Every structure is written in C-alpha cells, then in structure tokens.
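Please look at the structure below.

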Amino acid sequence: MMGEREEDDDTEEAWLQLRPMEPLPSQCCGSGCSPCVFDLYHRDLARWEAARASKDRSLLRWPESQSCPSKLNPETFVAFCISAMDRLTKDTYRVRFAVPGNSQLGLQPGQHLILRGIVDDLEIQRAYTPISPANAEGYFEVLIKCYEMGLMSRYVESWRAGDTAFWRGPFGDFFYKANQYGELLMLAAGTGLAPMVPILQSITDNEDDETFVTLVGCFKTFESIYLKTFLQEQACFWNVRTFFVLSQESSSEQLPWSYQEKTHFGRLGQDLIKELVSCCRRKPFALVCGSAEFSKDIARCLLCAGLTEDSYFLF
C-alpha cells in the first residue's frame, strides 16, 4: 500500500498541484523592490522544477526559521497589529502599527515596506515609507493617501484599531550617513514627503550631524499640507529651512503669518528650482519623491540648474 501511495504522489497531476502559482499584475507594487513578488515566484518555481526532476519533495521544504515571527523580512509577509489610526486630511491617514517586544522595526531612514491587501478576493500590494524615526521602539507609522477608486484604498479604509495588516521589507537603495552631504535639498510632492521625514529627523536628532537641509513640500492647498506641527518644529533647528508650493492657491493673505514668506504659489518649476539650488548654503544633494511624472520633471529641472546625475536621488 505504501508503494502505491508514493507512486500516486509522483504522478504529473500531483506535482502540478504543488507548482507555485504565478502572481497577478496587481500583486506587484511597481516600486522596483528586490526581491519583487515575481522574483520570489521564479525562485520557488526553480525549486519546484528541481524537486520534480528528482522526484524529491523534501527539496520543497524551507528550513525552519529560528528568528522571531514578528521580525521584518523582505521575502515573507509579517503580521503587525494596528494600534492607532488618525485622519490627517479628508483622504490621508497616519497609521501606527505595534512592533512586539518594544523592539525596533529594523530599517534605515527613507526605506520602504510592501503592504499586502485583499479586496474582492484579489491580492494587491503597494509600497509605503514609514514616517516614524528609524530608531522608534515598539511601533512604526505610515502615511497612506486613499483614492476614490483605489482597491488598496478600500482595504485601508476598512481598518480599525486592533486589526492586523501584513508587511514585508525593508527595501530602498538610499542610505543616509551623517555629514555625508553638505546640504540636502528635499523636494517632495504630497505623500512623497514620507521618506524625507525620518531622514530629516535622523539629522536633527544627531547633535554631531551638521548637514544643512532645505525641504520643499508641494501640495494643492494649505489645508492639505501633512504633518504641519512636525515640520514647524523641524524648521526651528539652525540647519533646517522649509518651504511650500501650493498649486491651487494664489494669495498669501489667508495663510498664517509664519507661512506667508516661505510659501510659493503655482507649481514647482524650472525657475523656482534654480532659485532654490542657488540659495543652498552648501553644495546640495537633492532627494526627490512624488509621482513618476513629478520625479521626471524635477530631475530634468535639477540638471538644468547645474546638478549632475550623481547629485540627486529619486525615491
């Protein structure tokens, strides 16, 4: 009987049932992370093909991990519990997740994570950058903007404190080192502010870091500016300046006095970028984050302003 069962297990149909399932396009977050969900699929497919060729199912087994199940992993989704969810604007949330054992998440400032969601039986994945300090203990926070027709937005808006969400990571190729640059010129649009926040805070938290920072946040209106209190506090440091560009406002009369002199109206274009680069106190290295179109336009403007391709980074 045992021999018959082993023979049945080695049929083509039995092996096909063990074949890894190719991900749907919606399961790729599109952020260029490595390993991508398709990288993991091809890795597992190669293991399956090797196991089938040798008729050895033990090759499909992964060695048991000795690490804590809550430890962040770039290949495997890990569950984190939502401890708080705050609505910052009509469509944007700041969500706090608990990290068990009061431990640190384990990522560098500006690195991002991949969130997995399931809506209408469809798995989707999107990239988000924590805005909490890299050395935060027991929690991490993300900034998430929801869109009216977005699938992930439907998933996020269903969250409540106590729910669980699944993340993997970290990912990202920019690694900040104290005093590595004379000045950082941060150019962010909307939630593109996210990677700038932990990098900026790592600078101001370090008394030995004398890097100058010029942060430019691009938003539609004054009300849509994220993290106003945090940005005001950061602007009080001797080496930090903040500016804002509002695309759907045209007058400073309605703005608080503290914003009137540092707010521009319209869009962040060639002339303003040239002015910002020329006003930098030291040779700048630019960090850019926003939509793909925003990043492409800003990169072109930076080159026209005299920066070289190795003098900026696009998140």
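## Salt bridges

This predicted model has four salt bridges, a salt bridge being a side-chain nitrogen of Lys or Arg within 4 Å of a carboxyl oxygen of Asp or Glu. One of them joins Arg96 and Glu141, whose closest N and O atoms are 2.9 Å apart. Arg96 is in strand β2 (residues 92–98) and Glu141 in strand β5 (residues 139–145), so this pair links distant parts of the chain, 45 residues apart. Strands (E, at least two residues) and helices (H or I, at least four) are DSSP runs, numbered from the N terminus. Glu141 is buried, with a relative accessible area of 14%, while Arg96 is partly exposed at 30%. Here buried means under 20% relative accessible area, exposed over 50%, and partly exposed in between (1.4 Å probe, protein chains only).

Asp120 and Arg154 form another salt bridge, with 3.2 Å between the closest N and O atoms. Asp120 sits in the loop between β3 (112–119) and β4 (122–128) and Arg154 in helix α4 (residues 151–157), so the pair ties together parts 34 residues apart in sequence.

## A network

Glu183 and Arg281 also meet in a salt bridge, 3.2 Å from N to O. Glu183 belongs to strand β7 and Arg281 to the loop between α8 and β11, 98 residues apart. Salt bridges that share partners join these two and Arg241 into one network. Glu183 is buried, at 0% relative accessible area, whereas Arg281 is partly exposed at 32%.

## Helix α9

Helix α9 (residues 292–304) has 13 residues and reaches 19 Å from its first C-alpha to its last. The expected span is 18 Å, that is, 1.5 Å times one less than the number of residues. Phe294, Ser295, Ile298, Ala299, Cys301 and Leu302 are buried in α9. They lie on the same side of the helix because they cover an arc of only 165° around the axis, taken from the directions from the axis to the C-beta atoms.

On the other side, Ala292, Glu293 and Lys296 are exposed. The buried residues of α9 pack against elements including β7 (183–189) and α8 (270–279).

## Confidence and conventions

The mean pLDDT (the predictor's confidence in each residue, from 0 to 100) of the protein chain is 87, and 82% of its residues reach 70 or more. Over residues 1–8 the pLDDT is below 50, and beyond near neighbours in sequence this stretch has one contact (heavy atoms within 4.5 Å) in the model.

Residues are numbered from 1 along each chain as its sequence is written, and side-chain values use heavy atoms, without hydrogens and water. In this predicted model, local features need pLDDT of at least 70 and side-chain atom pairs count only at pLDDT 80 or more, whereas totals for chains, interfaces and linings use all residues.
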